[in-house]
Amino acid sequence: MIRSMPATAPVAVIFDWDNTLVDSWSCIHVSINITLEAMGQAPWTIDEAKQRVRRSMRDSFPILFGDRWEEARKIFYDHFAAHHMTDLTALPGAEALLQTLHELGIYAGVVSNKTGRFLREEVEALGWNRYFGRVVGATDATADKPAVDPVILALAPAGLTLDTLIRERTWFVGDADIDMQCAHAAGCLPVLVGNGDNCDFTDYPPGYRLDSCSALSTMVRQLVNPVASPHVSNDMVNKPVLVPCT
């Protein structure tokens, strides 16, 4: 059966970071191209960067740079550390969404493949620490997304484990196929925000797809209080609506 919304509101929502809540692609793109050129490789377009920069550095750089991956890591970090705060921008509706969850008592956390210290610097700079029970970045867990290890860490403050979470009430929100893969592995409801450009969702389809943080905020409020919000606008959920995964 096709449904336009989940049956119940979430008790916990885990978010991806880049391109889900914030835009820091300018700095990522420049940093990876500086690294590629220093290592004798051709630079990437911004679309290529968005497609290829999904896995954590410890998973992707050994493949890209072989035995010289640690040298490449230093080049990348030297530029990124100097510029990532300047280029950081919250996506439209992101903070309002987090405030909605906070007001409704819905737990929120972050699981990102951005290095943990940079990730937490960005969260703090935006003043969003109060919204998250735990912020988990690359290398914080024994394995990185799409492994379930960082999800376990992110959910722990909510008292949830992979054995006790209820799929329809524990959401993983992201913009890419790797996020949906992680959600499926953890047993969370996979929620895609955005167009999912250059992504292949064949093996790990999103359970629901929305076009923006604002649409997600509207949907959560509707689930919590359907009387106060008696209908969902047609532009809230992208069409065709996806069949919830079972």
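## Questions about the fold

Biologist: What does Thr139 count as: buried, partly exposed or exposed?
Modeller: The relative accessibility of Thr139 is 47%. Buried means under 20% relative accessible area, exposed over 50%, and partly exposed in between (1.4 Å probe, protein chains only). Thr139 therefore counts as partly exposed.

Biologist: What kind of model is this?
Modeller: Residues are numbered from 1 along each chain as its sequence is written, and side-chain values use heavy atoms, with hydrogens and water left out. Local features need pLDDT of at least 70, side-chain atom pairs count only at pLDDT 80 or more, and totals for chains, interfaces and linings use all residues; this is a predicted model.

Biologist: How many helices and strands does the chain have?
Modeller: Helices (H or I, at least four residues) and strands (E, at least two) are DSSP runs, numbered from the N terminus. By that count, the secondary structure comes to nine helices and eight strands.

Biologist: What share of the contacts with a separation of 6 or more comes from residues 24 or more positions apart?
Modeller: A contact means heavy atoms within 4.5 Å. The chain has 246 residues, of which 49% count as buried. Among its contacts with a separation of 6 or more, the share from residues 24 or more positions apart is 67%.

Biologist: Which residues stand opposite Val13 in the strands on either side of S1?
Modeller: S1 (residues 12–15) pairs with S6 (residues 170–174) over four bridges, and with S4 (residues 107–115) over four bridges as well. Val13 and Phe15 point one way from S1, Ala12 and Ile14 the other way, and all are buried.

Biologist: Are H1 and H4 roughly parallel or roughly antiparallel to each other?
Modeller: The axes of H1 (residues 25–38) and H4 (residues 69–83) come within 9 Å and cross at roughly 150°. Angles under 35 degrees count as roughly parallel, over 145 as roughly antiparallel, 65 to 115 as roughly perpendicular and the rest as oblique. H1 and H4 are therefore roughly antiparallel.

Biologist: In which hand does H1 pass H4?
Modeller: A crossing is left-handed if the near helix is turned anticlockwise from the far one by less than a right angle, and right-handed if clockwise. For H1 and H4 the crossing is right-handed.

Biologist: How far apart are the C-alpha atoms of His83 and Ile28?
Modeller: His83 is found in H4, and its relative accessibility of 34% makes it partly exposed. Ile28 is 55 residues away along the chain. The separation of their C-alpha atoms is 9.3 Å.

Biologist: How many residues of the contact of H5 with H9 are charged?
Modeller: H5 (residues 94–104) and H9 pack at an angle of about 20° with their axes 8 Å apart, and are therefore roughly parallel. Ala, Val, Leu, Ile, Met, Phe, Trp, Tyr, Cys and Pro count as nonpolar, Asp, Glu, Lys and Arg as charged, and the others, Gly among them, as polar. The contact is made by residues including Glu103 of H5 and Arg221 of H9. Its residues divide into nine nonpolar, two polar and, as charged, two.

Biologist: Which residues does Ser217 touch, not counting those up to four places away in sequence?
Modeller: Ser217 lies in H9. With 10% relative accessibility, Ser217 counts as buried. Its partners are Ala96, Leu97 and Thr100.

Biologist: Which residues are joined by a cis peptide bond?
Modeller: Most residues other than glycine have a negative phi, and most peptide bonds are trans. The cis bond has an omega of about 20°, and Pro146 lies in the loop between S5 and H7 (149–155). The joined residues are Lys145 and Pro146.

Key:
Pairing = 2+ DSSP bridges. Axes fitted to C-alpha atoms, helices over the stretch in contact; angles between N-to-C directions.
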